[in-house]
Amino acid sequence: MKAAFFDRWRRGGTCAGSGSIVVNGARRAAGSRGQGRVVMAMAMLFGIYAAIGGRLVHLGMIEEEAVELPQSRVMASRPDLVDRNGEVLATDIKTASLFAEPRRIVDIDSAIEKLQTVLPNLDYDDTYRRLDSDAGFVWLRRQLSPRQQSEILSLGVPGLGFRTEKRRFYPGGATASHILGLVNVDNKGTAGMEKYVDEQGLADLQALGLAGPDTLKPVRLSIDLRAQYVVHDELSKAMERYRTIAAGAVILNARTGEVMAMASLPDYDPNNPYNALEKDRLNRMSAGVFEMGSTFKLFTTAMALDSRKVTLNDSFDASRPLRFGRFTINDFHGKRRVLSVPEIFIYSSNIGTAKMADVVGIEGHRAFLKRVGLLDRMPTELPEVARPTEPAEWKKLNSITISYGHGMATTPLQTAVAAAAMLNGGKLFPPTFLPRSEEEAAAVAEQVISPETSAKMRYLFRLNVEKGSGGRAEVPGYYVGGKTGTAEKVVNGRYSRDKRFNAFVAGFPADDPDYLVLVILDEPKPEEGKYYATAGMNAAPTVRNIIRRAAPILGVEPDFGHEAEALLVSYQ
């Protein structure tokens, strides 16, 4: 009995007979329906996930096809710019730029609001217009900082991405900004030596995809970064000390025409050139033209001596003003007597200088200024070079006023280049911002005055520092010679007695100059406790400070015991 019972139980039966068999059948049917529901649910879930996965794959394929990042010049390298000693002045660094895929932006307003928490100056209307389109790619902000990139990533906004680009970096900041120039957002040179490099074929190499970091050698410039820092620093101090609206200076190699340092203030930081196009940021040294005042007397004196119509032993009557119709020409601190040529130079006599120009004549005067490069646009690598201005027709009054620096305007760099020729033996070198050997310089030099005339000008330069208006430019051991220039500025068509443009040009060592320095100060004010703001009071001391600091850097050894009179022994 027990064995039969257990056998029926294993087969699903009971000992209760046929009724029990019916109940067990119902249970089996219910179990089959439950299993069907589970299978159906699993099938539905599998179908949903399969559809989602398929859609993601599809979207991924569409994204790959639709988003084509534009080719940019910034992916191509630029060569480093280095100074004459190999110090880096400009180089490429990697940076991130933000782009968007408008078709993937779900909520434009929310996306912009989040971005503005990181980029507060992001223009809402312009950004909305960019994102409210079917475009596959739009730039939103180029050249982000690493911190900005990190903060934007943390926003979690879909449809935003980053592209690694190359950005120009200037380790010295504003120190040499007007020489180096700028590049735009696409890493294309737009000013200064950066633009010059593009014009020499870099743009073509980039277009052909041949501008890579391994194919471009650094471009070496003529400037010495150490001297450049000295010039920039001393100009900054001079602007504060003399309360000027602008200042500028250049150190020129008198034997080759190389620009060793040049600065113009106010300037800008090329790493953040938001104010580079403001009017007062002009590179006054090469892109501005000014009446250079009494510095022009060095050219008039050299012209008169080189014409052989005037000698150092000649004298001119400066006892009375010169009158031309309603114009009167007078001296600032007149001696009211007959002056020798050296006295005319060191006392900066307008009257005596005008009479020397009159001896040469109008045609000879203009021809001389053209020969020394003061009437034509100066040839050099820097793109920002202004053309000098002169009278449309030269008359006697024009010649007279131009003789002492009024009535025509040149760039300060141009004035420095011509002044170097007056001191270096009479050779005019086109200025260059690239290294140039003395042999290479000799091949492009033009003899504009005789070596004998140049020697006499060196004597007058040194005499002016020893006994004339250039005394404050003296640097013990460096035998400085120079000439002051104080020009009244033209305001509303008339010369102002209150606003001046001052300059001082110097050569050192004066007996055989290696370098020439020119400083300009725009609208300097008298120092506290002083009554005058002439060039001898401010431009000359600024030159002194530059030479004192830069001469050892440039390898000029100090020497002592020179006297100006010794320079003239063989020319008496």
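User: Leaving aside neighbours within four places in sequence, which residues is T534 in contact with?

Analyst: T534 is in contact with F332, T486 and N502, where contact means heavy atoms within 4.5 Å. A word on the source: this is a predicted model, in which local features need pLDDT of at least 70 and side-chain atom pairs count only at pLDDT 80 or more, while totals for chains, interfaces and linings use all residues. Residues are numbered from 1 along each chain as its sequence is written, and side-chain values use heavy atoms, with hydrogens and water left out.

User: Good to know. Why is T534 called buried?

Analyst: Its relative accessibility is 17%, and buried means under 20% relative accessible area, with exposed over 50% and partly exposed in between (1.4 Å probe, protein chains only). T534 therefore counts as buried. As for its place, T534 is found in the loop between β18 and α18. Across the 572 residues of the chain, 50% count as buried.

User: F332 is one of the contacts of T534. What makes F332 exposed?

Analyst: The relative accessible area of F332 is 56%, so it passes the cut-off for exposed.

User: And how do you know that F332 and Y532 form an edge-to-face pair?

Analyst: A pair of aromatic rings is described by the distance of the centres and the angle of the planes. Rings of Phe, Tyr and Trp (its six-membered ring) pair if their centres lie within 6.5 Å; planes under 30 degrees apart count as stacked, over 60 as edge-to-face and the rest as tilted. For F332 and Y532 the centres are 6.5 Å apart and the planes stand at 80 degrees, so the pair is edge-to-face. By this rule the count comes to eight aromatic pairs. There is also an aromatic cluster formed by F99, F137 and W139.

User: Why is the F332 and Y532 pair said to tie together parts 200 residues apart in sequence?

Analyst: F332 sits in the loop between β12 (327-329) and β13 (338-340), whereas Y532 sits in the loop between β18 (515-522) and α18 (535-553), so the pair links parts that are 200 residues apart in sequence. Y532 itself is partly exposed, at a relative accessible area of 44%. For the chain as a whole, residues 24 or more positions apart account for 71% of the contacts with a separation of 6 or more.

User: On to the helices. Why are α3 and α4 called oblique?

Analyst: Helices (H or I, at least four residues) and strands (E, at least two) are DSSP runs, numbered from the N terminus; the chain has 19 helices and 18 strands. The axes of α3 (residues 108-118) and α4 (residues 124-131) come within 10 Å and cross at roughly 135 degrees. Angles under 35 degrees count as roughly parallel, over 145 as roughly antiparallel, 65 to 115 as roughly perpendicular and the rest as oblique. α3 and α4 are therefore oblique to each other. Their contact is made by I108, D109, I112 and Q116 of α3 with Y124, T127, Y128 and L131 of α4.

User: What makes α10 oblique to α12?

Analyst: α10 (residues 297-306) and α12 (residues 350-360) pack at an angle of about 40 degrees, with their axes 9 Å apart. That angle makes α10 oblique to α12. Among the residues in the contact are K297, T300 and M303 of α10 and N350, M356 and V360 of α12.

User: Finally, which residues do cis peptide bonds join?

Analyst: One joins L265 and P266, with omega at about 0 degrees, and one joins F508 and P509, with omega at about -15 degrees. P266 is in the loop between β9 (259-265) and α9 (284-287), and P509 is in the loop between β17 (494-508) and β18.

Terms used. Axes are lines fitted to C-alpha atoms, for helices over the stretch in contact, and angles run from 0 to 180 degrees between N-to-C directions.
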